[in-house]
Structures are given as structure tokens and as C-alpha cells.
Amino acid sequence: MQIEPLEVYCRDSNYAIVKPPGRKFPGAVIQGDSLAILAYLANQIAMAAAENRATGDTFLGHVEELNNLLVDRILHYQEVLQNHEIDFPHSPKITPSQLVNFFPLDDEETVAT
């Protein structure tokens with residue numbers, strides 16, 4: 001293990017943004033449990049595709065959750081970089097329109113706040 005100084009742009013729980021020495025752009029820190037969730041969802045999608053089961057609510061639920069977890073992280077990353085006047089290392093810019101919702105709430109259902 002090495003101890004090095006990092007530029008810390010955001011310490012938000014599960015959404016830290018840091019820049020190690022020698023890197024041009026900051027990186028997004030993903031905690032191990034969050035990384036495991038992303039890997040699990042990606043694996044479930046890949047297994048369904050490999051087994052020709054890439055349909056149904058379970059499959060779409062995994063696709064929706066993986067997409068939205070990743071898009072949310074990038075939206076947060078972009079916001080932090082923008083707040084610090086740092087260019088994005090990617091193009092095009094990710095937008096909230098890239099969030100998906102395969103299972104819209106019924107009119108009678110409400111979102112908990």
C-alpha cells in the first residue's frame with residue numbers, strides 16, 4: 001500500500017470524485033459493494049443474452065437498473081467536474097434523457113420522498 005496525496009473534488013458517500021497524481025482527469029470512486037451490484041447486474045444481463053432469455057420483466061429490470069445506476073454516477077461526475085470548471089474526459093455529454101424506465105408508475109402509485 002502507498003499513501004499519496006489526492007485531489008478530492010467530492011466526498012459524497014458512494015460518489016467520491018478524486019484525482020490521483022499523474023492523471024489528467026479525476027476518477028469516480030466506486031465502493032466494493034456498489035461495484036459488486038454493477039457486476040451482478042451486468043452478469044445477469046450477459047447470462048440472459050447468452051441463454052437467449054433476453055426478454056421479460058426480470059431481464060428488463062436488470063437492464064433498467066444497471067443503466068440508471070451508471071447514468072446517475074456519470075451525471076454526478078459531470079456535475080462535480082462542471083462545478084470545478086474541469087472539462088469532461090468523454091464526449092458526448094451524458095444527459096438525464098439517457099435514464100430509462102421500462103416500468104412506469106401507475107397513476108394511482110406515488111413515489112416515496
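Helix axes here are lines fitted to C-alpha atoms over the stretch in contact, with angles taken between N-to-C directions.

**Figure 1. The whole chain in this predicted model.** Welcome to the overview: the protein holds two helices and three strands, and along the sequence they come in the order β-β-β-α-α. With a radius of gyration of 17 Å, well over the 13 Å given by the globule rule for 113 residues, the protein is more spread out than a compact globule. Its C-alpha atoms fill a box of roughly 45 × 35 × 30 Å along the principal axes.

**Figure 2. Where helix H1 meets helix H2.** Here we look at H1, residues 32–50, and H2, residues 56–83, whose axes come within 9 Å and cross at roughly 140 degrees. That angle makes H1 oblique to H2. The crossing of the two helices is left-handed.

**Figure 3. The residues that make the H1–H2 contact.** From H1 come Ser34, Ile37, Leu38, Tyr40, Leu41, Ala42, Gln44, Ile45 and Ala48. H2 answers with Phe59, His62, Val63, Glu65, Leu66, Leu69, Leu70 and Arg73. Sorted by class, the contact has 12 nonpolar, three polar and two charged residues. A reminder for reading the spacing: an α-helix has 3.6 residues a turn, so residues three or four places apart point the same way.

Note on methods
Residues are numbered from 1 along each chain as its sequence is written. This is a predicted model: local features need pLDDT of at least 70, side-chain atom pairs count only at pLDDT 80 or more; totals for chains, interfaces and linings use all residues. Side-chain values use heavy atoms; hydrogens and water are left out. Axes are lines fitted to C-alpha atoms, for helices over the stretch in contact, and angles run from 0 to 180 degrees between N-to-C directions. Helices (H or I, at least four residues) and strands (E, at least two) are DSSP runs, numbered from the N terminus. Angles under 35 degrees count as roughly parallel, over 145 as roughly antiparallel, 65 to 115 as roughly perpendicular and the rest as oblique. A crossing is left-handed if the near helix is turned anticlockwise from the far one by less than a right angle, and right-handed if clockwise. Contact means heavy atoms within 4.5 Å. Ala, Val, Leu, Ile, Met, Phe, Trp, Tyr, Cys and Pro count as nonpolar, Asp, Glu, Lys and Arg as charged, and the others, Gly among them, as polar. The radius of gyration is taken over C-alpha atoms; the globule rule is 2.2 Å times the number of residues to the power 0.38.
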